[in-house]
Amino acid sequence: MKLVLAAFIGALFMFLGVLLGALGSHALQEKLSQDSLNSFMIAIRYMMFHGLALLMLSALPFISTSSKEWIALAFVSGTLLFSISILLLSTKQLHGLTVSFLGPITPIGGLLLLLGWGYLSVMLFKAI
């Protein structure tokens, strides 16, 4: 994944995080159960954390471009699987779609995020 694309996606994750966070705080507060709203906000939090990570990744001067691109791919795919699955699962009482198949997708997204952070940690350790 090209780093400029990763930065664009990071900015998009941040935009969506602010937009969906406002939606969750205002419009959905009375439409979702507290547990569903908590899950919704967790998905947004992870989206925003990884949006920031994608924006900052290209600024690390001591990690190769190919390593940064791999990490970015893990962050983007992990965030999409993790956050989108939780967002859809937590709002199923609103949209009425059958999304129970997404339950096993969430941990796959989490594993991809862990792989990205683990690989970044190894690359930073090597640079010490």
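Read along the sequence, the chain follows the pattern α-α-α-α-α. The model is predicted. Its secondary structure comprises five helices and zero strands. Along the principal axes, the C-alpha trace spans about 50 × 25 × 20 Å. Of the 128 residues, 38% count as buried. The chain exposes about 7300 Å², and carbon and sulfur atoms supply 73% of that area. Among contacts between residues at least 6 apart in sequence, 75% join residues at least 24 apart.

The interior was examined next. In soluble globular proteins, nonpolar side chains tend to be buried together. The largest nonpolar core of the chain holds 25 residues. Within this core, Phe40, Leu54, Phe75 and Leu87 touch the most other members. Two or more core residues come from each of α1, α2 (34–57), α3 and α5 (105–127). The largest share, eight residues, comes from α2.

Helix α2 has 24 residues. From its first C-alpha to its last, α2 reaches 34 Å, close to the 34 Å expected at 1.5 Å a residue. The buried residues of α2 are Ser36, Leu37, Phe40, Ala43, Ile44, Met47, His50, Gly51, Ala53, Leu54 and Leu57. An α-helix has 3.6 residues a turn, so residues three or four places apart point the same way. The cover over the buried residues of α2 includes α1, α3, α4 (92–95) and α5. Phe40 is one of these buried residues. Not counting residues up to four places away in sequence, Phe40 touches Leu20, Gly24, Leu28, Ile86, Leu87, Ser90 and Thr91.

Leucine 12 lies in helix α1 (residues 3–26). Its relative accessible area is 38%, so leucine 12 is partly exposed. Leucine 12 contributes to a nonpolar surface patch of about 620 Å².

Leucine 80 is placed in helix α3 (residues 65–90). Leucine 80 counts as partly exposed because its relative accessibility is 41%, whereas buried means under 20%. Leaving aside neighbours within four places in sequence, leucine 80 is in contact with Phe13 and Ser85. Leucine 80 and threonine 106 are 26 residues apart in sequence. In space, their C-alpha atoms are 9.3 Å apart.

Notes:
Residues are numbered from 1 along each chain as its sequence is written. This is a predicted model: local features need pLDDT of at least 70, side-chain atom pairs count only at pLDDT 80 or more; totals for chains, interfaces and linings use all residues. Side-chain values use heavy atoms; hydrogens and water are left out. Patches are made of residues with over 30% relative accessible area and no salt bridge: like charges are joined within 9 Å, nonpolar side chains (Val, Leu, Ile, Met, Phe, Trp, Tyr) within 5 Å. Accessible areas come from the Shrake-Rupley method with a 1.4 Å probe; for residues, only the protein chains shown count as cover. A salt bridge is a side-chain nitrogen of Lys or Arg within 4 Å of a carboxyl oxygen of Asp or Glu. Helices (H or I, at least four residues) and strands (E, at least two) are DSSP runs, numbered from the N terminus. Buried means under 20% relative accessible area, exposed over 50%, partly exposed in between (1.4 Å probe, protein chains only). Contact means heavy atoms within 4.5 Å. A nonpolar core is a set of buried Ala, Val, Leu, Ile, Met, Phe, Trp, Tyr and Cys residues joined through side-chain atoms within 4.5 Å. The expected span of a helix is 1.5 Å times one less than its number of residues.
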